[in-house]
Amino acid sequence: MNNQLLIKEKLQAKLKNIQSKSDGSPITDLQLDKILVAEIEQLTTELESVNPNLNPLLYATSLLEGAWQLQYSTAREIRSLASLPLGLKLGKVYQVINVANKLFFNLAKVKHPLGLVSGYVKVTASFEPAKEDLEPLQNKRINVYFDKRYLSIEKIVGINTPKLNPFKVVSANNPTSRTATLDITYLDETLRIGRGGDGSLFILSKSENLPEFTSSNEN
């Protein structure tokens, strides 16, 4: 087994062990002790150093396409989802990318533990390769422009609620003094690692389990 696969397996095994108690929701660094957070960061850094697709925006766009499930993050916006109001709990979080149209959306499933309410929060966005002065080619950084935020209740006590799906659509927030960026620091057929402009970490695995959400161009 080569070094890349060995490191990847170690990282995935550690995340799988942590997530076995999470019902599929992403884990954040605030939920773990500092030693475990440091171990994940070390394995992530090692895997990034053997990235098989150093120029994903040029030569690996087909790998970016489709649905990804968030496994682990240190981002503030993901941390905030861990403490939802009204007893709601965060479920699985996805990012669905449409490379041809340079669009994506983030989708966070939410539900009440007693099954009283289930729904989702969705944020749509567009992106473009960043033009870096030090990089002659489109390398790994994208500029992100958030568009709309959808709040939806899909079911109440098991009954579909189409009038509440969504019940609120607002403009999404973008940083006021900078353009949001994301560096794609590792990419293969099943795993993607990204670093936000604020240093936040995102680890995602490729997913085939999002049949009801196939377009990121919803109005």
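Ile159 counts as exposed because its relative accessibility is 55% (exposed means over 50% relative accessible area, buried under 20%, partly exposed in between, with a 1.4 Å probe and protein chains only). The model is predicted: local features need pLDDT of at least 70, side-chain atom pairs count only at pLDDT 80 or more, and totals for chains, interfaces and linings use all residues. Residues are numbered from 1 along each chain as its sequence is written, and side-chain values use heavy atoms, with hydrogens and water left out.

**Overall fold**

- The chain holds 5 helices and 11 strands (DSSP runs numbered from the N terminus: helices are H or I with at least four residues, strands are E with at least two).
- Its radius of gyration is 18 Å, close to the 17 Å that the globule rule gives for 219 residues, so the chain is as compact as a globular protein of that length (the radius is taken over C-alpha atoms; the rule is 2.2 Å times the number of residues to the power 0.38).
- The C-alpha trace spans about 50 × 35 × 35 Å along its principal axes.
- Buried residues make up 45% of the 219 in the chain.
- Of the contacts between residues at least 6 apart in sequence, 63% join residues at least 24 apart (contact means heavy atoms within 4.5 Å).

**Surface**

- The accessible surface of the chain is about 12300 Å², and 53% of this belongs to carbon and sulfur atoms (Shrake-Rupley method, 1.4 Å probe; for residues, only the protein chains shown count as cover).
- A nonpolar surface patch is formed by Leu114, Leu116, Ile156, Val157 and Ile159, with about 480 Å² of accessible area together.
- Patch residues have over 30% relative accessible area and no salt bridge; like charges are joined within 9 Å, nonpolar side chains (Val, Leu, Ile, Met, Phe, Trp, Tyr) within 5 Å.
- A salt bridge is a side-chain nitrogen of Lys or Arg within 4 Å of a carboxyl oxygen of Asp or Glu.
- Ile159 lies in strand S7, residues 159-160.

**Ser205**

- Ser205 sits in strand S11, residues 201-207.
- Relative accessibility of 17% makes Ser205 buried.
- Its C-alpha is 4.6 Å from that of Leu191, 14 residues apart along the chain.
- Beyond neighbours within four places in sequence, Ser205 contacts Ala67, Trp68, Gln69, Gln71 and Thr190.

**Val110**

- Val110 belongs to strand S4, residues 103-111.
- Val110 counts as buried, at 12% relative accessibility.
- Leaving aside neighbours within four places in sequence, the contacts of Val110 include Leu84, Leu90 and Tyr120.
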